[in-house]
Amino acid sequence: MTKTAQQPVLVIMGVSGSGKSTVAGVLAGRLGWDLAEGDDLHPEANVAKMHAGQPLTDEDRWPWLDIIAGWIKERTSEGRPGIITCSALKKRYRDVLRGEGVVFVFLQGSKDKISDRLASRHGHFMPASLLESQFEALEEPTEEENHISLCVSASPAEEAEEVIERLGLEALPNKAVGGVA
């Protein structure tokens, strides 16, 4: 991606447990951009279904994807950057979200690596038992989609820094924490 005057809206995507929320949070802090957690935009029926260990169907996802697409379009139409998390596992889902100024950041990792991460996660409505269905649904982004891919083997801070570098984004100056530079 070439650097332009308009900063993009980043869609941090990947299977559950790939680190979308963590990396997005680090990026938002480093860039000073708006951040939305896609999981928070799910209708209650979707959350209940996943909590019960049932994978979502395409019909379950369309209203949710429309909400996410609206969030993206609001920023791109106003020329504002932003970061939103969304599994965006299938190309047809990403087609709903795609547009001028949208960049997908695909966090990819092995099933074993992500399964280990899910096993240590607590308090999330998405149970580890649904990981297999996520990998089965996953269609990795193609060349025609504006995206970058990152391996989830680094720390979230390192992954965020790689996104900033690869996309030529301008991070906020490092601030002293607790008065220490």
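The model is a predicted one, with a mean pLDDT of 87 for the protein and values of 70 or more for 86% of its residues.

Of the 181 residues in the protein, 42% are buried. Among contacts with a separation of 6 or more, 77% link residues 24 or more positions apart.

One helix pair may be examined in detail. Two packed helices are described by the angle between their axes and the distance between the axes. Helix H1 spans residues 20–31 and helix H7 spans residues 156–167; their axes come within 9 Å and cross at roughly 55°. Angles of 65 to 115 degrees count as roughly perpendicular and those under 35 degrees as roughly parallel; H1 and H7 are therefore oblique to each other. The crossing of H1 past H7 is right-handed.

The residues that form this contact can be named on both sides. H1 contributes Thr-22, Val-23, Val-26, Leu-27, Arg-30 and Leu-31, which meet Pro-156, Ala-157, Glu-159, Ala-160, Glu-161, Val-163 and Ile-164 of H7. Sorted by class, the contact between H1 and H7 comprises nine nonpolar residues, one polar residue and three charged residues.

A final segment calls for caution. Over residues 176–181 pLDDT stays under 50, and the model has one contact beyond four places in sequence for this stretch. Where pLDDT is low, the predicted coordinates should not be read in detail.

How values were computed. Residues numbered from 1 in each chain as written. Predicted model: local features only at pLDDT ≥ 70, side-chain atom pairs only at ≥ 80, totals over all residues. Heavy atoms only, no water. pLDDT = per-residue confidence, 0-100. Contact = heavy atoms within 4.5 Å. Axes fitted to C-alpha atoms, helices over the stretch in contact; angles between N-to-C directions. Helix = DSSP H or I, 4+ residues; strand = E, 2+ residues; numbered from the N terminus. Parallel < 35°, antiparallel > 145°, perpendicular 65-115°, else oblique. Left-handed = near helix turned anticlockwise from the far one by under 90°. Nonpolar A, V, L, I, M, F, W, Y, C, P; charged D, E, K, R; others polar. Buried < 20%, exposed > 50% of the residue type's maximum accessible area, 1.4 Å probe, protein only.
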